[in-house]
Structure formats: structure tokens, C-alpha cells
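Hi,

Here is the structure I said I would pass on.

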Amino acid sequence: MVVVGAGYAGLSAARNLVDAGLDVVVLEARGRVGGRVWSETTRAGALVDHGGQWIGPGQHHLQGWADDLGVTTFPTFGDGANVEIREGRRHLFTGLVPTSDREGSADAVAALLELDLLAHEVAPGEPWTHPDAIALDRRTLGDWVVSEVGSAAARAMITTATLGVFGAEPCELSLLYALAYAHGGGSMSALLRTAGGAQERRFHGGAQQMAVRVAEALGDRVVLDAPVSSVRHGPGRVSVTADRVTPDGHRRPWRVDADRVVVAIPPATQGRIAFDPPLPGRRDQLVQRSPMGSVTKIHAVYERPFWRDEGLSGQVVADTGALRLVFDDSPDDASHGVLMGFLAGHEDRILDGSGTAGRAAVALAELAAAFGPVAGSPIEVVEQHWSAEPFTRGGPVACLGPGVLTGCGPALREPVGPVHWAGTETATAWSGYIDGAISSGLRAADEVTAALGRPVRQGA
Amino acid sequence: MATADELAEAYGDWRGRCNANPRLAKMLRGWDRTVHLVTSDTGEGYTLSVAGSVLGELRSGLVGAPDLVVTATSEDFTDLFWGDLNPSEKYLNGEIVLAGSSEDVMRLDAMSMVAFLDQ
Ligand SMILES: Cc1cc2nc3c(=O)[nH]c(=O)nc-3n(C[C@H](O)[C@H](O)[C@H](O)COP(=O)(O)OP(=O)(O)OC[C@H]3O[C@@H](n4cnc5c(N)ncnc54)[C@H](O)[C@@H]3O)c2cc1C
């Protein structure tokens with residue numbers, strides 16, 4: 001068995017295939033495992049999560065891995081007042097929604113409820129089965145906001161929320177896709193919440209650890225620096241070629257033959273693998289129409305979380321500017337202060353050419369506007385610009401536009417001969433999240449074992 | 001702690017404002033429900049119903065089968081009805097507990113937020 005990609009999905013598939021008694025090789029393009037989850041200790045000694053970091057209620061697969069491996073969590077810091085930047089002015093608020101324009105916020109809450117009620121009718125795993133699927137899939141979330149949400153302030157709040165969740169503007173997303181995605185995590189409001197929602201807790205020691213530990217247990221079955229370039233497949237047989245880095249630093253094609261392959265990489269990266277014979281048209285169209293969102297995480301590291309002394313939570317919600325959402329990402333013991341801002345969607349693309357230094361300058365000016373001049377002088381700034389990562393190509397997730405789910409959705413998980421598909425984008429719950437990645441790997445492993453006539457295991 | 005009379009007076013005020021709010025009327029359309037309020041400190045129960053986009057009067061006692069049960073202190077209920085308390089904070093830290101189907105909880109959560117913001 002070959003698994004392509006050692007993110008949470010690929011590792012989950014591999015772990016379950018090994019448990020079923022199968023021989024497995026995992027080919028990973030990067031020199032590390034974890035994919036969109038990557039924890040790093042900065043020069044100043046702060047541990048930051050450049051990608052996925054939070055776990056929330058209902059994410060049982062990820063919680064199961066953490067429990068198995070003895071990795072503990074702590075609540076995201078949220079005590080005190082949040083900062084709202086609206087039309088360039090700074091306000092403070094507590095609770096879920098900004099309160100400087102109460103009518104706008106009321107509009108936004110009413111709109112979120114409408115969206116959540118719609119989302120409840122969409123089956124996350126197969127949104128194309130909704131009776132109005134075609135109509136819902138022809139509109140964008142942006143169209144819906146324009147026609148249903150009266151006030152400009154409410155529209156701006158929904159845009160900020162969308163940027164945080166998808167790394168995309170509302171006009172880039174099919175309404176059906178956004179609804180299915182929201183329902184996959186419970187509701188849109190659950191995706192937006194810190195306490196009681198998807199941003200509730202963080203991992204002591206970072207979110208990548210579980211991937212590292214599972215990879216360690218898989219041992220030399222996991223091959224790093226092995227980007228897969230082609231997959232030849234015939235009935236019941238595959239041959240997967242990776243451009244493996246040799247000890248002398250050269251790249252050499254390296255072929256692994258197997259009965260089946262689980263491809264556990266983002267759709268946008270699948271288009272860079274040569275499939276022979278080519279994939280069915282609908283599958284290929286799906287891949288072409290699954291662009292990644294645009295997101296950069298910027299961490300500013302300080303001696304201490306000084307904003308807490310002023311009764312601030314470290315959270316910012318902004319209607320304009322580069323950083324629309326900021327969180328307190330300090331370690332649990334507050335041995336450093338860390339503010340983390342998301343640069344997402346259009347702004348992230350516009351600032352691509354500014355480079356790391358240019359983005360840092362913009363981010364620091366905005367942090368200073370929210371938290372005072374001290375915030376403008378951190379001891380260190382680090383960023384991860386996901387669009388420039390060839391083996392991810394953006395983030396946090398694929399963002400499907402109009403017509404894709406109803407036209408190509410059924411091809412998402414359908415195996416092509418001996419080729420099976422995993423990855424958070426294929427998940428039927430918590431798609432886009434680490435939890436969905438793990439469950440997708442489990443599902444793909446079950447497909448493989450069932451196809452080989454092995455007993456299907458139950459549970460994670 | 002708030003007395004039953006104080007709570008009833010605050011509810012009366014809230015009800016008047018909610019029923020006069022067109023945004024809430026739209027949110028409540030087609031949502032006819034029986035709601036029980038339980039005060040965790042004084043152990044009292046109240047019943048209210050929503051019918052035809054209108055909030056009904058507060059009745060003393062737990063009457064009929066509820067679609068939703070809200071538990072909070074008598075003080076928090078009173079502050080919430082006077083509009084002095086942001087309900088989302090109290091839900092988030094678990095001081096107000098809503099029990100019911102996920103759709104009903106979502107509705108009540110959103111409508112109490114709108115009632116708070118839009119007064
Ligand atoms: C900025 C950001 C913040 C996020 N925040 C959260 C969060 O707080 N909580 C949460 O649950 N989720 C979060 N996510 C999403 C979460 O990280 C992903 O849903 C999840 O990690 C996806 O796992 P995966 O295994 O499906 O894909 P990936 O993690 O993308 O794994 C795919 C793997 O395949 C490898 N690969 C790619 N191409 C090839 C090839 N040709 N050959 C071999 N290997 C290849 C990649 O290097 C990678 O290791 C966030 C993501 C980002 C980017």
C-alpha cells in the first residue's frame with residue numbers, strides 16, 4: 001500500500017492500514033510530517049503554530065489522537081475586552097460580536113442565524129443531494145450577503161468571519177459549499193466561536209506533535225523528501241514515482257509498486273501529479289476547480305502578554321486593513337507574549353509581492369493601532385505565507401466556487417480503480433479541519449481494506 | 001438574587017421591546033415554541049410561549065412540555081431582560097445554559113443577542 005502525503009489524513013490512513021496488517025509506505029514531499037500543521041520554536045524561544053492550531057468541541061477524532069498520545073490542551077486566552085476596529089476607529093467589546101454599531105451587529109447575528117438554519121438542511125458529506133442544491137450552488141455566499149443583509153457594518157462582519165474561516169472572500173465561495181462546510185462543524189456560529197467553538201483550545205507543545213508521534217510509530221514506513229510526481233494505475237495495481245532526494249543531494253525518480261494508493265494531499269496539489277491513464281474528466285475538473293484559500297499567519301513575539309495587564313483579551317476584529325482577526329497565541333504559562341494575526345483572501349494576495357518584511361511592517365502598524373505603540377516593537381516577527389508553499393499552495397482549505405459541488409462533488413471520494421482519496425477536503429464532518437483530515441484517512445483505509453477483502457475495523 | 005416580581009417586571013419590559021422589534025419578528029416567524037425558565041439560585045420555574053412571531057406572557061410554574069429549557073440565576077435573568085447583560089458572554093462561560101434541539105438553541109441564542117443589541 002502506498003500513501004501519498006504525511007499530513008494528518010495520510011498518517012491516519014497509514015496508521016489504520018498498518019493496524020489492518022498491511023504493508024505501507026508513506027511518501028511525503030517535505031522534510032517533515034504534518035502538512036498544514038507545523039509547530040516551530042522561534043529564535044526567541046516561543047513555540048508557534050504556523051498552520052492548524054485549535055481544537056474545539058465535537059472534534060472527537062483529533063481529541064482521540066491527543067488522548068492516545070497523552071497530549072494535553074489549554075483554553076485559548078479570551079479574558080477581558082476584545083478590540084474592534086471599525087472604519088478606522090478603535091472600540092472595545094466583550095462577548096461574541098462587536099457592539100459599536102449595535103444595529104449592524106444585530107443584523108449580522110440575524111444573518112448568521114439564517115445561514116445556520118439553511119446549513120442545517122444541507123448534508124455535509126453530500127450537499128448535492130439537497131432539493132435546491134443547484135440553486136444554492138449557483139449563488140455565492142457574497143450574492144446571498146448582498147441580497148439578505150441590509151447594513152454595511154453587518155456585511156463587513158460577515159466578510160471578516162468568512163476570511164477567518166476560509167481564507168477567501170464571500171464572493172469566491174459557492175453558497176452550497178459554505179453551508180455544507182458550516183454544517184460539517186455544527187454551524188457557522190460554532191466555527192466562529194472561541195469558547196464553545198472551533199477556536200476553543202490549543203495544544204501544549206503545539207498541534208504538530210500528534211503527527212510527529214504517529215509518524216515515529218510508523219518508523220521507516222514514512223519516507224520524507226519524496227514528492228510524488230506520477231501515479232500509473234491499472235486494475236488492482238499502482239506504481240507511484242517520487243523524485244527522491246538522494247544522500248548526495250540529487251533528485252532521482254524512485255518507484256514504489258503496490259496494490260492500492262491513498263492520495264492524501266490537497267486537491268490543488270493533485271493537479272501536479274501525472275496520472276496514467278489520466279483521471280476521469282469529472283475528477284480532473286474537480287481538481288481544477290478546487291483552489292486553496294489565501295492565508296498567512298503572522299506571529300509577533302513579546303517579552304510578555306502586556307495587553308492582559310490592560311484587561312484586553314488580545315483578540316481583534318477589524319472591518320478593514322490587512323489583519324482582520326488577531327488572537328492571543330501566548331503559551332499557556334505566558335512565558336512570552338504572542339499575538340497572531342491572519343492575513344487572508346484579497347489582502348493576502350495583494351501583499352504577496354511585499355515579501356516577509358513588507359507584510360510584517362503592515363501587521364505591526366495595525367497591531368500598534370489596536371494595542372498601543374509597544375505592540376509595534378516585538379522582539380521577533382515570524383510568518384508563514386501558505387500560498388508560497390508548493391506542497392500546500394494556500395490555506396486553510398480548498399474554496400469551491402459556484403457549480404463545483406453539484407457538477408463534480410460526487411467525484412470527491414469515489415475511488416478511481418486502485419486510487420483512493422483522503423484529505424480534509426474529502427471529509428464528511430469537520431472538512432477543512434484536522435479532525436476531518438483524520439476521519440478522511442480512516443475512511444480511505446476502510447475502503448482499501450474492504451476492497452482487499454479484509455475485515456473493516458470500527459472506530460478510530 | 002431577584003424576587004419573582006422583579007423578574008416578571010423585567011420580562012414584561014423585554015417582551016414589550018421584543019414584540020415591537022421588526023427584525024425579531026422576522027427571526028421568530030414560524031417558530032412556535034414553549035420555553036421553560038429555571039432559576040438556579042431560587043429553584044423557581046416559569047413558562048413562556050412564542051407563537052405567531054410574538055412572545056407571550058410569563059407564567060409562573062413549569063407548564064406543559066418544553067421545547068427549550070433555559071437555566072440561569074434569577075439575577076442574570078433579570079439583568080438580561082432589562083438589557084444590562086450581554087447574553088453571549090454568559091452562554092460562552094456556561095453561566096446561562098440552554099437545553100433543546102440544536103436548531104431551537106441556535107434560534108434562542110440568536111434572538112436573545114439581537115434583543116440585547118437592537119434595543
Ligand atoms: C493557517 C492555517 C490555520 C489553520 N487552523 C486550523 C485550526 O486551528 N484547527 C484545525 O483543525 N485546522 C486548521 N487548519 C486546517 C488544517 O491544518 C487542515 O485541515 C489539515 O491539517 C489538513 O490535513 P491533510 O492531511 O488533509 O492535508 P495536508 O496537511 O495538506 O497534508 C498533505 C501532505 O501531503 C504532502 N504533499 C503534497 N503534495 C505531495 C506530493 N506530490 N507528494 C508527496 N507528498 C505531498 C504535503 O507536504 C503534506 O504534508 C488551518 C490551516 C492553515 C493553513
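**What I found**

To start with the charges: chain A has 39 positive and 53 negative ones, and their mean positions are 5 Å apart. Lys and Arg count as positive and Asp and Glu as negative, while His and the chain ends are not counted. Each charge is placed at NZ of Lys, CZ of Arg, CG of Asp or CD of Glu.

Some ground rules before the rest. This is a predicted model, with local features needing pLDDT of at least 70 and side-chain atom pairs counting only at pLDDT 80 or more, whereas totals for chains, interfaces and linings use all residues. Residues are numbered from 1 along each chain as its sequence is written, chains are lettered from A and ligands numbered from 1 in the order in which they are written, and side-chain values use heavy atoms, leaving out hydrogens and water.

**Overall build**

Chain A carries 15 helices and 21 strands. These are DSSP runs numbered from the N terminus: helices are H or I with at least four residues, strands are E with at least two. The C-alpha trace spans about 60 × 50 × 40 Å along its principal axes.

Of the 460 residues, 59% count as buried. Buried is under 20% relative accessible area, exposed is over 50%, and partly exposed is in between (1.4 Å probe, protein chains only). Take the contacts (heavy atoms within 4.5 Å) between residues at least 6 apart in sequence: 70% of them join residues at least 24 apart.

**Strands**

One open sheet has five strands in parallel pairing, in the order β10-β2-β1-β14-β21 of chain A. β10 (222-223) and β21 (419-421) are at its edges with a single partner strand each, so one side of each has no neighbour in the sheet. Strands pair here if DSSP finds at least two bridges between them. β14 (residues 261-263) and β21(A) run parallel over three bridges, with Val262(A) bridged to His420(A).

Elsewhere, β16 (residues 295-302) pairs with β20(A) in the antiparallel sense over six bridges, and Lys297(A) sits opposite Gln384(A). β20 (residues 380-385) has five of its six residues buried, so the rest of the structure largely encloses this strand.

Most residues other than glycine have a negative phi, and most peptide bonds are trans. So where are the exceptions in this chain? Here are some to look up.

- Asp276(A) and Pro277(A) are joined by a cis peptide bond, omega about 0°. Pro277(A) is in the loop between β15 (274-276) and α11 (281-288).
- Gly395(A) to Pro396(A) is a cis peptide bond too, with omega near 0°. Pro396(A) is in the loop between β20 and α14 (404-408).
- Asp225(A) has a positive phi, near 50°. This residue is in the loop between β10 and β11 (228-234), and at 33% relative accessibility Asp225(A) is partly exposed.
- Trp430(A) also has a positive phi near 50°. Trp430(A) is in the loop between β21 and α15 (434-451) and is buried, at 6% relative accessible area.

Cheers
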